[in-house]
Amino acid sequence: MLTYKSIEELIKCSIKQNKKISQMVLEDQALQMEKSIDEIYDEMEKSFDVMCEAVVQGQAKNQRSTSGLTGGEGFKMKHYSEQTNGGLSGIFMTKAMSRALAVSGCNASMGKIVATPTAGSCGIMPGCLVSLYEDKSIDKRSIVMSLFTGAAFGIVIADRACIAGAQGGCQAECGSAAGMAAAALVELYGGTPQQCADACAIAIGNQLGLVCDPVAGLVEIPCIKRNVSGVMIAFSSADMALAGIQSEIPVDECIDSMGEVGRALPASLKETALGGLASTPTGLKLKEQVFGN
Amino acid sequence: MNVFDIIGPIMIGPSSSHTAGAVRLGRVANKVMNNAPIASVKIELSGSFAHTYKGHGTDRALLAGIMGYRSYSEEIRDALTIATNRGIAYEFIPTDIPGTHPNTARIHVTGVNGEECTVEGSSIGGGNIRVDWINGMKVDFTGEHNTILVLHYDKPGLIAAVTNLMATKYKDVNIGNFRLTRPVKGGEAMMTMEIDGLPPLGMIDEMRNINNVINILLIRAT
């Protein structure tokens, strides 16, 4: 059985077994949870279905968050993408951005989402994978399988560092999600296990030190937009890895570094809403608007 | 940890700790009430819960859990209305419960026939909870494992009677954690047992029939 103590282990075992990381992890999880491979696969497929539904729900024109602070971002971005033939970043990327905004918005309006790995970063994996499913015609089974690769990377990150904003800042939430998504994307595009690791390393390295500073303590500002950044970083990291650009720092060391940076961050920048954007004059004013004095 | 701890849980947003965890805390009170119809609910909110409960929907989440909904139930959004339609009066009181985790709630539920229950616990991150008090009795479990609570009279031989039944008739049941609490000698007492896997069919009912056992609650892991 796999220990999920390092990504190096995942790569080595995958090469030894001559299997994709996703297939190896699916089989291992079935053993560990004492369930059949089909049962485990079906459960993951259910999660992917929820992601697709959250995109639709969050792209509704009248989507508003429970607090009233945010809303309609997914719709605006989709509309812009269609009206401008893809704006600056192109149709594929602007639609992916719209999906990330939509799922995060769905979360903020008490809709149903999949925490990947957390609710605050729930738009990144769907922003990447629903886009490949709907716009690049990749079959559903491959997409669902790639979630096992992303999840395996996530388990290692949770074990060596952390995935909670309160513990490690936003790098632990959106950073982890982008790293997981990057690995999944590389596998879907035929990259090697080592390239999956490189993509994850690049994504995490590019978000080191990102603080968790939610305005009014709510999972909205800046969380919703940071999910878009996470998607962009996941795609660019995956493309770099697929182009043969390696991460000079091995992925496990990048993850350890994220853990160390997380510990070094002051409490005011770890989900307490006492620093960063949360403590700006406007951030405080918005807080007052929602909760009063 | 498995893949569904990372890709999952499927939940109603916006916050795993302030929403999903709050539903699970509410569900503990639902279990303690044992399906008795509810007349009123009073919830004290402490720390971050007290400050942000409206924006995170913590109030709806707690109430939904008390009514038996799960952290993925769409009904959470409308929990306040559903409660009103069911004739349940509810009240949320921001307060400070000293020395507790930042996300703590103290839930008081009164049944139509006068039954009462109090549950105090915290949402400790990622949708996980820790329950500290039930009906004035100190407990300590997280809900990460399936947990059996045995409410019983403080009489000699009760632990042996319960665990012997488990060991002799249901051999596959393994206890990972055991705690006994007894506020007053000779009064009511509570065993908390975290077990691996789900209890076999019939075991809980059979435990209920043991002399001096008042009630058994099963809090399932998610």
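This is a predicted model: local features need pLDDT of at least 70, side-chain atom pairs count only at pLDDT 80 or more; totals for chains, interfaces and linings use all residues.
1. Let's start with the annotated domain. UniProt, in an unreviewed entry, places the feature "domain: Serine dehydratase-like alpha subunit" at residues 17-278 of chain A. Over that stretch the chain is 64% helix and 1% strand.

2. How far can you trust it? The scores for the model are ipTM 0.96 and pTM 0.89. For chain B, pLDDT averages 92, and 100% of the residues score at least 70. Within chain B, confidence is lowest in α3(B), with a mean of 86, and highest in helix α5 (residues 79-85), at 98.

3. Now for the overall build of chain A. Its secondary structure comes to 13 helices and one strand. If you walk along the sequence, the pattern reads α-α-α-α-α-β-α-α-α-α-α-α-α-α, so keep an eye out for that β when you get to point 6, where strand β1 of chain A comes up again.

4. As for dimensions, the C-alpha atoms of chain A fill a box of roughly 60 × 45 × 40 Å along the principal axes. Why call chain A compact? Because a compact globule of 293 residues would have a radius of gyration near 19 Å, and chain A, at 18 Å, agrees with that. Buried residues make up 59% of the 293 residues in chain A. Of the contacts in chain A with a separation of 6 or more, 76% are between residues 24 or more positions apart.

5. Next, the place where the two chains meet. The contact takes 39 residues from chain A and 28 residues from chain B. On the chain B side, the elements giving two or more residues are α1 (3-6), β1 (10-12) and α3 (48-56). Which of them gives the largest share? That would be α3(B), with six residues. Sorted by type, the chain B side divides into twelve nonpolar, 13 polar and three charged residues. Recall that α3(B) is also where confidence in chain B is lowest.

6. The chains also share strand pairing. Strand β1 of chain A (residues 112-114) is joined to β1(B) by three bridges, and the two run antiparallel. If you want one pair to look up in the viewer, I113(A) has M11(B) as its bridge partner in β1(B).

7. You'll find it in helix α2 of chain A, which covers residues 21-32. Is Q29(A) buried or exposed? It's buried, because 24 other C-beta atoms lie within 10 Å, and the cut-off for buried is 20 or more. Leaving out residues up to four places away in sequence, Q29(A) touches I40(A) in its own chain, plus N2(B) and V3(B) across in chain B. For a sense of distance, T66(A) is 37 residues from Q29(A) in sequence and 37 Å from it in space, C-alpha to C-alpha.

8. Last, some strand pairing inside chain B.

Note on methods
Residues are numbered from 1 along each chain as its sequence is written. Chains are lettered from A and ligands numbered from 1 in the order in which they are written. UniProt positions are given in the numbering used here, feature names are shortened, and annotations may be inferred rather than shown by experiment. Helices (H or I, at least four residues) and strands (E, at least two) are DSSP runs, numbered from the N terminus. Two residues are in contact if their C-beta atoms, placed from the backbone, lie within 7 Å. Ala, Val, Leu, Ile, Met, Phe, Trp, Tyr, Cys and Pro count as nonpolar, Asp, Glu, Lys and Arg as charged, and the others, Gly among them, as polar. Two strands pair if DSSP finds at least two bridges between them. A residue is buried if 20 or more other C-beta atoms lie within 10 Å of its own, exposed if 12 or fewer, and partly exposed in between; C-beta atoms are placed from the backbone. pLDDT is the predictor's confidence in each residue, from 0 to 100. The radius of gyration is taken over C-alpha atoms; the globule rule is 2.2 Å times the number of residues to the power 0.38.
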